[in-house]
Every structure is written in structure tokens, then in C-alpha cells.
Amino acid sequence: MQPSPLTGSRRDYWLAQCAGWGALAALGVYSSWGKGFTVYVLWFSVAKIFCALTGLALSHGWRAWLRRSRWLEQPRGLPLARIAAGLAALSVVQTASVLLAELLFRNGAILKDNDEVAATLVILAVLWYLVFALWTLLYTLALSRRRATQLEIEKLQLEIHVKDAELRALQAQVNPHFFFNSMNSIRALMFQDVPAAARAMGQLSGMMRHNLQAGMADTVRLDEELTALQAYLGMEKLRFEDRLQLAQDIAPGLEGVMLPPMLLQTLVENAIKHGVERSVTPCQVRITAHREAGSGAMLLRVANQGRMAADSTSTRLGLANAAKRLVLLFGPGAGCVLAEEDGWVVATVTLPKESACAH
């Protein structure tokens, strides 16, 4: 059984901690024994080991504070003033531990044998400030490297999930149920309206062509998705007739926003399957896209009249996969959620302002 990444990172952290502070303690002991072995040198070495141990404890507590406060994960940059204040507090506490070690193991020699105690303490505080600043820098670099590695792993996993999702989506598009329904609708049209039947055949072939080509790109423009969607909706309109009521409101300037291929069509399919198909009366499906006031994020919504069914587990799993795909493609500000609002079931895709810029 292989260890988890979390166990491995914890092990690496403690190895680095023990190696770093152990090396600092060894250097202090080595410098103390330069003039040979004496009782004075022995207690001086013990004092330095004590300071290294307190440094290890303080740095571990500092790590816990950094993780809890998430100062190293701020999207708008590091809070340098807060980090500097924390380092100053660490240096003061560590300097106090040096004084404690002097009192415990050397009878306060640093206070008795030094004419400029205040200046010495200031120098010690500055040196410890630099030590903890170096520790924080190295920890930040290690954390960034680990996150970069994790991101690469997630990207590889994304490629697998995307291909699997695309395969399932293509299979859903060409499944016999949908295909035969479409063909039967076209067959009925041939005896009533030949030009309409020809247009329906063109829509079906166009939709199939778009779906087969969708896996060749990571993202597509919103207007391209809307164009392909019209072919799909045209086929479903033949099937449901007046039961399918469509409404669309796309704010100007959003036509070039990039989306994962077939995301919009998947949301509309879910709306029709769990809304229109289960309704015996006309059911409206709304497609809207606009920018959110303040944040500038784009909100793409697909809503259908009705209520969320208890057996919609597959839909929620598909939306959860879509949400993960959006986050990996566009960052933590992106997402996809499903909610029920005043008699409507609404799927909302959120794209942050940076990724929702028109191309």
C-alpha cells in the first residue's frame, strides 16, 4: 500500500525541520568546542541545543498559524505587513528563549559579562528575525512547488475525466433513444412538410458533426455553443412541440467568452430531460448569460420550470464533474451549481472576470 501524498508531505516537512534546526544546533556546538572541552563549553553547548529546540517549536507553531490564517494562499498577494509582524514576534520570543537558556545553563553569563546588553539583545533579535524570515521563504517555496506538482497531477486527472466525460456525452448524443426519436420526427415531417424535414435532417447532421468535433479543443466560444445548441433544440422542438417553451437572453459582449465544449448543451439536455420530458403541460427552458455586478464574473444560467427530483443523482454527478472541470480550467473562482428557486430548477455556471473576457 503506497503512502498518501499528505503522509509524504508531512514526513518531508519533519525531515526538513530536523535537518535544518539540527544543523544549526550542530554548528553552534561545534563553534563552542573550538577551545577544547570544559564544563563552561559543555553548558554553552546545552544552551545552544535548547535554543535550537525552541526555534523548532516556534517555527512549527508559525507554520500552523500560516496554514490556519491562509496568508500564503491569498489570491491578491502575500500580506507582507502581517508576515513581518509575525516574524518580529517570533524573533522576540526566540531572543527571550536565549536569555532563559543563559539563566538556566550559564547563570546569566550574557548579562554579567556584557557591558552593552541592550545592543546585544537587539542584534540577537535581528539575527533571529533573519533566521525565521529565511525559514518562511523556504517554506513558501516548498509549498509553491508542492502545489505546482499537485496542479500537474490534477491536470492529468482532468484530461482523463474530460475524455471520459466527452465519451459519455457523445454516447448520450448518439444513443438509439434520441436518434430514433429524431428520425421518427423527420419521417412524420416528410408526409407533411418536405422542406421542414430537409431542414431537420440538416440540423441533426450539424449537431452530430459539432459533437464529434467537440473533443478536439479544450474550450469553445459561447456563440459557437449557442449555434450548435440551436440544432439540438430544433430536433427536440419537433419531439415536444408546444411543451418545450424556449427563452434566451445573452447580454451583449459575451459571445466570445470561452467555455468547455458541450457544457451548455449538457445543461440544456438536463433541463429538458428532468423538466420538459416529465411535464404534461408547457414547460419553459431559459438560457441567460450576463455579468455579475461588482465582481464582473459571467453567470451562465439554464433554468427549467419544475422541482428537483429525488432521483436526479446522475444529473448532480454530471454537474459536480462539470464544476471540477471548470475549476481546473479557469481557477477557483469558476464553478457550476444546481439549485431550486421559486418553482424553477436552475443550473448556474460562474466564470471569473479574468477568464470570462471575450476572445
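**A friendly note on this predicted model**

1. Aspartate 249 sits in strand E2, residues 244-250; helices (H or I, at least four residues) and strands (E, at least two) are DSSP runs, numbered from the N terminus. Alanine 289 is 40 residues away from aspartate 249 in sequence, yet the two C-alpha atoms are 6.5 Å apart in space.

2. A word on how to read the values. This is a predicted model, in which local features need pLDDT of at least 70 and side-chain atom pairs count only at pLDDT 80 or more, while totals for chains, interfaces and linings use all residues. Residues are numbered from 1 along each chain as its sequence is written, and side-chain values use heavy atoms, with hydrogens and water left out.

3. Now follow strand E2 into the loop between E2 and strand E3 (258-259), where you will find glutamate 255. Glutamate 255 is partly exposed because its relative accessible area is 36%. Its C-alpha atom is separated by 9.5 Å from that of glutamate 225, and the pair is 30 residues apart along the chain.

4. Where is the largest pocket, and which residues lie nearest its centre? Tyr139, Ala142, Leu143, Arg146 and Arg147 do, out of 41 lining residues. Helices H1 (5-32), H2 (39-69), H5 (117-173) and H10 (313-330) are the elements that give two or more residues to this lining. H5 supplies the largest share, 17 residues. The volume of the pocket is about 1,700 Å³. On a 1 Å grid over the protein atoms alone, a cavity is a set of points where a 1.4 Å probe fits but cannot get out, and a pocket is an open set with protein on both sides within 12 Å along at least five of seven lines; lining residues have an atom within 4 Å of a point. Grid points are joined across faces, edges and corners, and a volume is the space filled by probe spheres set on the points.

5. What classes of residue line the largest pocket? The lining has 23 nonpolar, eight polar and ten charged residues; Ala, Val, Leu, Ile, Met, Phe, Trp, Tyr, Cys and Pro count as nonpolar, Asp, Glu, Lys and Arg as charged, and the others, Gly among them, as polar. At least three lining residues come from each of domain 1 (10-170) and domain 2 (176-351), with bounds from an automatic or database domain assignment.

6. Helix H2 also holds isoleucine 49, which counts as partly exposed because its relative accessibility is 39%. Isoleucine 49 and valine 29 are 20 residues apart in sequence, with their C-alpha atoms 7.6 Å apart in space.

7. Next, two backbone angles to look at. Most residues other than glycine have a negative phi. Arginine 70, in the loop between H2 and helix H3 (80-105), has a positive phi near 60°. Aspartate 342 has a positive phi of about 50° and lies in the loop between strand E6 (335-341) and strand E7 (344-351). Aspartate 342 is exposed, because its relative accessible area is 80%.

8. Finally, the cysteines. How many disulfides are there? The count is zero, where a disulfide is a pair of cysteine sulfur atoms within 2.5 Å. Cysteine 283 counts as buried because its relative accessibility is 2%, whereas cysteine 18 is partly exposed at 46%.

Notes
Buried means under 20% relative accessible area, exposed over 50%, partly exposed in between (1.4 Å probe, protein chains only).
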